[in-house]
Amino acid sequence: MKADTGVPMILGAAELQLMFYMPRPKTVKRLYPTPKPDLSKLIRSVEDSLVAAGLIIDDAYIVTVHAIKRYADETHPEGVFVSLSQVC
């Protein structure tokens, strides 16, 4: 079965890697983006999107998650980098 994107759907256990790059407010001096949204809610939104896009049958199949939340900069624009792979 293929996802709506033309990418094969992952039908078994999967690993998810996420890098969230948040906008830095002009007045903020802290190193990490500690205000909301919290990392767990960001992860959940990506998991739900992967199911809705047909890339994975159910988010329960995700057995490993690596996620970071950082401020965007010149080399890392605002947004999220998503890597989803099947566990052998």
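How many salt bridges does the structure hold? Hi everyone, let's start there. This is a predicted model, and the structure holds one salt bridge. The partners are Lys-41 and Asp-38, and their closest N and O atoms are 3.6 Å apart. That falls inside the cut-off, because a salt bridge is counted when a side-chain nitrogen of Lys or Arg lies within 4 Å of a carboxyl oxygen of Asp or Glu. As a reminder, side chains of opposite charge can pair when their charged atoms come close.

Now let's move to the strands. Strand E1 covers residues 14-22 and strand E2 covers residues 62-71. The two run parallel, and nine bridges join them. To get from E1 to E2, the chain passes through helix H1, residues 39-52. This β-α-β crossover is right-handed. And a general point while you're looking at strands: in a regular strand the side chains alternate between the two faces of the sheet.

Last stop, the surface. Here you'll find a nonpolar patch formed by Leu-11, Ile-57 and Tyr-61. Together these residues have about 280 Å² of accessible area. Leu-11 sits in the segment before E1. Is Leu-11 buried or exposed? Leu-11 is exposed, because its relative accessible area of 52% is over the 50% cut-off.

Notes
Residues numbered from 1 in each chain as written. Predicted model: local features only at pLDDT ≥ 70, side-chain atom pairs only at ≥ 80, totals over all residues. Heavy atoms only, no water. Pairing = 2+ DSSP bridges. Helix = DSSP H or I, 4+ residues; strand = E, 2+ residues; numbered from the N terminus. Right-handed = clockwise from strand over helix to strand, strands pointing away. Patch = residues over 30% accessible without salt bridge, like charges linked within 9 Å, V, L, I, M, F, W, Y side chains within 5 Å. Areas by Shrake-Rupley, 256 points an atom, 1.4 Å probe, with all protein chains shown as cover. Buried < 20%, exposed > 50% of the residue type's maximum accessible area, 1.4 Å probe, protein only.
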